[in-house]
Amino acid sequence: MEDKNQALADFDPPKSKTSRKKNKYAIASSFLASLSSILLGYDIGVMSGAIIYIKKDLHINDVQVEILVGILNLYSLIGSAAAGRTSDWIGRRNTMVVAAVIFFVGALLMGFATNYAFLMFGRFVAGVGVGYALVIAPVYTVEVSPESCRGFLTSFPEVFINGGILLGYVSNVAFSKLPTHLSWRFMLGIGAIPSVLLGLSVLAMPESPRWLVMKGRLHDARTVLKKTSESPEEAESRLRDIKEAAGIPEHCNDDVVQVPKRPKGNNVWKELFLSPTPSIKHIVLTGIGIHFFQQASGIDSVVLYSPTIFERAGIKSDHDRLLATVAMGCVKTLFILVATFFLDKVGRRPLLLTSFGGMAISLLLLSAGLTVIDHSNGNFRWAVALCVTMVSVYVALFSIGAGPIAWVYGSEVFPLRLRATGFSIGVTINRVTSGLISMTFLSLEKAISIEGAFFFYAGIAGMAWLFFFTLMPETQGKTLEETDALFGTFFKWRSTVRELKAKKMSEMNDTAQIQMATADAVAS
């Protein structure tokens with residue numbers, strides 16, 4: 001029996017003694033790349049408070065406020081559209097430097113703005129930098145992450161967005177006591193600091209192994225994969241998968257190889273939209289849909305206009321409202337940290353469905369609380385407490401699912417040849433939707449009341465729940481290349497999952513029988 005067990009053990013892959021070290025390397029690389037997400041988060045957080053003082057100092061109306069707050073999302077489309085091609089051309093690391101430099105210039109321009117037009121130009125420049133950062137951080141992170149912790153690492157960008165939002169809220173409170181004409185300028189201008197940190201962090205990061213393979217640099221790619229995988233065997237397996245996706249023959253193992261000619265950009269667009277396979281149609285639908293619903297459910301209205309919401313809920317002091325937003329930011333950041341530890345344990349679907357279902361309920365209760373306050377002249381303190389609580393519950397639920405999973409899922413479902421362009425399109429949808437939501441909230445409030453606006457967002461969150469329940473396959477534990485098999489059957493994807501499980505079990509049984517037969521032969 002002992003000989004038999006030893007024989008079976010001979011078939012087990014060797015265990016890596018340095019897997020823990022390599023995991024730390026992958027975590028460190030993802031951590032540094034995700035610093036770019038602070039740029040968007042800081043702008044969102046700081047603008048929610050800065051706009052109070054900008055409105056007083058520059059004497060702008062509500063329409064100008066909406067445009068100023070939301071226009072950065074539309075400006076970011078330029079960076080998002082260019083990021084895919086740029087990163088394929090100069091690499092993921094160098095594209096992060098581009099994002100940092102552009103945002104640095106934009107932050108300084110906003111800080112030194114003397115009028116509304118100057119401020120809008122600064123937001124244009126900063127928006128382009130944000131667009132680059134939004135695309136490149138998740139793409140880079142998913143490409144360096146080992147399969148076992150891909151969800152955890154790919155959620156880092158959302159963690160840093162939330163961290164940036166919290167820093168923006170803290171900056172609002174820190175500079176709120178300055179004279180009005182200085183307070184908002186310091187709030188916006190100090191945003192240049194995170195971009196400097198991002199530019200410096202790139203020096204310590206490896207290049208994406210997938211980009212290296214696309215350039216034929218197999219030796220460099222293998223070196224990075226060995227550092228970011230849990231074992232040498234996994235590194236070789238990942239390299240084989242990437243080579244196959246890039247069209248490089250398996251027998252090609254030279255340090256530098258000739259990569260087969262890849263489709264031009266127009267062919268990528270053709271494959272995505274003009275003549276897609278059923279699998280690509282399903283991927284595009286879910287990969288883009290998740291970005292649309294993340295923003296259409298009203299998160300930017302809550303985050304950007306939280307001082308306005310708290311004012312309607314009965315908090316009148318500017319300083320107290322800013323403190324309330326800091327508390328909300330702490331809740332949001334805390335729950336995104338919680339989510340990072342459950343993505344690879346619980347899965348994408350359960351967290352996303354819990355998130356959107358809870359968001360719909362919290363928005364309904366927030367709408368109800370605001371309705372009571374509007375009709376009671378603020379006499380019902382429980383309604384005020386309900387509103388403040390539901391805002392915190394809403395951002396907490398967003399952070400455990402809708403926030404991080406949009407970036408995780410949207411970056412892992414597209415095949416390698418389409419990933420940069422496909423994810424850029426998803427981010428474009430994300431930013432357009434965010435811009436429309438943030439640029440119409442005050443007008444929507446005037447048209448159907450603030451409680452009506454949140455009732456509307458609750459309806460969208462409910463629709464999102466149905467969309468993901470019926471169309472979204474689970475990708476937890478799948479390699480990026482295996483994920484493709486899950487798509488193409490749309491509403492019947494559950495049948496595909498059952499078939500894949502049955503096939504995998506059959507292969508495992510066959511392997512076990514072969515191992516047992518070989519072990520018996522060795523023992524005899």
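**Chat about a helical chain**

Student: Ala 99, buried or exposed?

Tutor: Ala 99 counts as buried, because its relative accessibility is 0%. Buried means under 20% relative accessible area, exposed means over 50%, and partly exposed is in between, with a 1.4 Å probe and protein chains only.

Student: And what should I keep in mind about the model?

Tutor: This is a predicted model, so local features need pLDDT of at least 70 and side-chain atom pairs count only at pLDDT 80 or more, while totals for chains, interfaces and linings use all residues. Residues are numbered from 1 along each chain as its sequence is written, and side-chain values use heavy atoms, with hydrogens and water left out.

Student: OK, back to Ala 99. Which helix is Ala 99 in?

Tutor: Helix 5, which covers residues 92–111. Helices here are DSSP runs of H or I with at least four residues, strands are runs of E with at least two, and both are numbered from the N terminus.

Student: What does Ala 99 touch, leaving out residues up to four places away in sequence?

Tutor: Ala 99 touches Leu 39, Gly 129, Tyr 132 and Ala 133. A contact means heavy atoms within 4.5 Å. There's also Gly 199, 100 residues apart from Ala 99 along the chain, with the two C-alpha atoms separated by 8.6 Å.

Student: Val 97 is in helix 5 too. How exposed is Val 97?

Tutor: Val 97 has a relative accessible area of 30%, so it's partly exposed. Val 97 also belongs to a nonpolar surface patch of about 810 Å², along with Val 101, Phe 104, Val 105, Leu 108, Phe 112, Val 196, Leu 200 and Leu 203. Patch residues have over 30% relative accessible area and no salt bridge; nonpolar side chains (Val, Leu, Ile, Met, Phe, Trp, Tyr) are joined within 5 Å, like charges within 9 Å.

Student: Which helix gives the largest share of that patch?

Tutor: Helix 5, with 5 residues. Helix 5 and helix 10 (192–201) each supply at least two.

Student: New topic: Arg 238. What does Arg 238 do for a partner, given that it's buried with no salt bridge?

Tutor: The nearest side chain of opposite charge is Glu 234, 5.0 Å away. A salt bridge takes a side-chain nitrogen of Lys or Arg within 4 Å of a carboxyl oxygen of Asp or Glu. Arg 238, which lies in helix 13 (residues 232–246), does have a polar contact of 2.9 Å with the side chain of Ser 229, and its side chain reaches the backbone oxygen of Ser 145 at 3.2 Å. A polar contact is a pair of N or O atoms within 3.5 Å; within protein, one must be able to donate a hydrogen and the other to accept it, and residues adjacent in sequence count only if both atoms are side-chain atoms.

Key:
Areas by Shrake-Rupley, 256 points an atom, 1.4 Å probe, with all protein chains shown as cover. Lys, Arg positive; Asp, Glu negative; His and termini not counted.
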